[in-house]
Amino acid sequence: PPQGTLSTRDLFITSSLANLKVSVENTLILYFLRLNTAKEVDPVRMERDIFCGELKQGAAENLTLLLSHVFLPVLRAQKDWGQCSEEQASQCVHNLEKYLGVLSEYGASTSATQQLLKKPE
């Protein structure tokens, strides 16, 4: 295809980036998540049943955005927590909020040359 256009010729579908056999450096990564898989997706209101987005470069920023705009809202809306008590469910959401705070502080205070995690010596 011409420069700047996308082609389905190089389309890879996987349930995990670990299974992807190509470099993700220049790869457009899309994700699709469903909260409730017990019922069919309503084709008229698909946006209510499917969360989707694009992962761009910048792992810490992407993780922050994904957690804050997808996972945290899903957890807050979750009604059935199985065998977890209300206190445990609340603690889970609270811990994710704290983690997001740390990630946000990291993103605001570091430059691109610093590492989020250092390799153990």
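Helices (H or I, at least four residues) and strands (E, at least two) are DSSP runs, numbered from the N terminus. With that in hand, welcome to this predicted model, where local features need pLDDT of at least 70, side-chain atom pairs count only at pLDDT 80 or more, and totals for chains, interfaces and linings use all residues. Residues are numbered from 1 along each chain as its sequence is written, and side-chain values use heavy atoms, with hydrogens and water left out.

**Overall layout**

- The protein has three helices and two strands, and they follow the order β-α-β-α-α along the sequence.
- Of the 121 residues in the protein, 15% are buried (under 20% relative accessible area; exposed is over 50% and partly exposed is in between, with a 1.4 Å probe and protein chains only).
- Looking at contacts (heavy atoms within 4.5 Å) with a separation of 6 or more, 38% are between residues 24 or more positions apart.

**Surface and the Leu28 patch**

- Carbon and sulfur atoms hold 55% of the accessible surface, which totals about 10500 Å² (Shrake-Rupley method with a 1.4 Å probe; for residues, only the protein chains shown count as cover).
- Leu28, Leu30 and Phe32 make a nonpolar surface patch of about 330 Å²; patches are made of residues with over 30% relative accessible area and no salt bridge, with nonpolar side chains (Val, Leu, Ile, Met, Phe, Trp, Tyr) joined within 5 Å and like charges within 9 Å.
- Leu28 sits in the segment before strand E1 (29-34) and is partly exposed, at 42% relative accessible area.

**Asp49, a buried charge**

- Asp49 belongs to helix H1 (residues 46-49).
- Asp49 is buried and has no salt bridge, and Lys39, the nearest side chain of opposite charge, is 4.0 Å away. A salt bridge here needs a side-chain nitrogen of Lys or Arg within 4 Å of a carboxyl oxygen of Asp or Glu.
- A polar atom of the Asp49 side chain lies 3.1 Å from the backbone nitrogen of Asp42.
- Leaving aside residues up to four places away in sequence, Asp49 touches Leu33, Arg34, Leu35, Lys39, Glu40, Val41 and Asp42.

**The salt bridge**

- Side chains of opposite charge can pair when their charged atoms come close.
- The structure holds one salt bridge: Arg76 pairs with Glu97, and their closest N and O atoms are 2.5 Å apart.
- This pair links distant parts of the chain, with Arg76 in helix H2 (residues 59-77) and Glu97 in helix H3 (residues 86-109), 21 residues apart.
- Glu97 counts as partly exposed, at 33% relative accessibility.

Definitions and conventions:
Lys, Arg positive; Asp, Glu negative; His and termini not counted. Polar contact = N/O pair within 3.5 Å; in protein donor to acceptor, adjacent residues only side chain to side chain.
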